[in-house]
Amino acid sequence: NRLNLFTQKTRNLSSLVLFTLLLAGASYTSFGQSVSVGPKIGITSSTGAGDDLPDNVEAITGFTGGIFFKYHTDGLFAFQPEILYVRKGGFWNESSNINYELNIDYLEIPLLAKFQIPVGEAVFPFIYAGPYGAFQLNNKEEGEFFFLQTNDAADLKDFDAGLALGAGLDFELSAFYLGFDARYDIGMVNIYEEDSNGDQPDIKNRTWSFMLALGINLD
């Protein structure tokens, strides 16, 4: 049963990555002007939202990184799909003897529409928005209740989805591309599976990301 789930998860993940690459290629053909491609790295600050989230949840800091594809014309709009590893989760601290931390690793694929305003010939302030889908790669929960400790995987859904909103600054210097952006991921899916009683906690992901992109411009 676990082998079947892993196989299905791998197939879904491969299909989503292939779809993103095909969409990127189709966008380049249709826009037909310029493409920038390269790696992105950054940090995340993640908590959560929902009726069942404890009031005193604190953010955890994680890593994000991957690759971006930016397709644009000489106009104000650009399309930017990305393939990113993102760490999300949160930390709950009731007292010095009662605490809980959840770390979730995702492969996230945002499809971003960018509105950019040229400032001179090389500087482009921008805002963007777009949906994302994310496959869970791994998760780990650690808890402490006085002398009892837990270290295991939580019963989470394999897939998350939501909306990414952000802003930043792009620099296009001859053949090179440099970008900075800040992003807020608004998860729209309850991350926990239903329990044996059919109950499901109302908890969703919320994550800030701060990223640096470095690439090359291809005409």
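1. F115 is partly exposed, at 31% relative accessible area (partly exposed lies between buried, under 20%, and exposed, over 50%; 1.4 Å probe, protein chains only). F115 sits in strand β5, residues 98–116 (strands are DSSP runs of E, at least two residues, numbered from the N terminus).

2. A word on the basis: this is a predicted model, in which local features need pLDDT of at least 70 and side-chain atom pairs count only at pLDDT 80 or more, while totals for chains, interfaces and linings use all residues. Residues are numbered from 1 along each chain as its sequence is written, and side-chain values use heavy atoms, with hydrogens and water left out.

3. Now for the salt bridges (a side-chain nitrogen of Lys or Arg within 4 Å of a carboxyl oxygen of Asp or Glu): the whole structure has 12. In one of them, D181 pairs with K40, with the closest N and O atoms 3.0 Å apart. D181 belongs to strand β9 (residues 176–187) and K40 to strand β1 (residues 34–46), so this pair ties together parts 141 residues apart in sequence. D181 is buried at 8% relative accessible area, and K40 is buried at 2%.

4. Have a look at R183 and E82 too, whose side chains form a salt bridge at 2.9 Å, N to O. R183 is in strand β9 and E82 in strand β4 (residues 77–95), so parts 101 residues apart in sequence are tied together. Both R183 and E82 are buried. Through shared partners, salt bridges join K40, E82, D181 and R183 into one network.

Conventions: Helix = DSSP H or I, 4+ residues; strand = E, 2+ residues; numbered from the N terminus.
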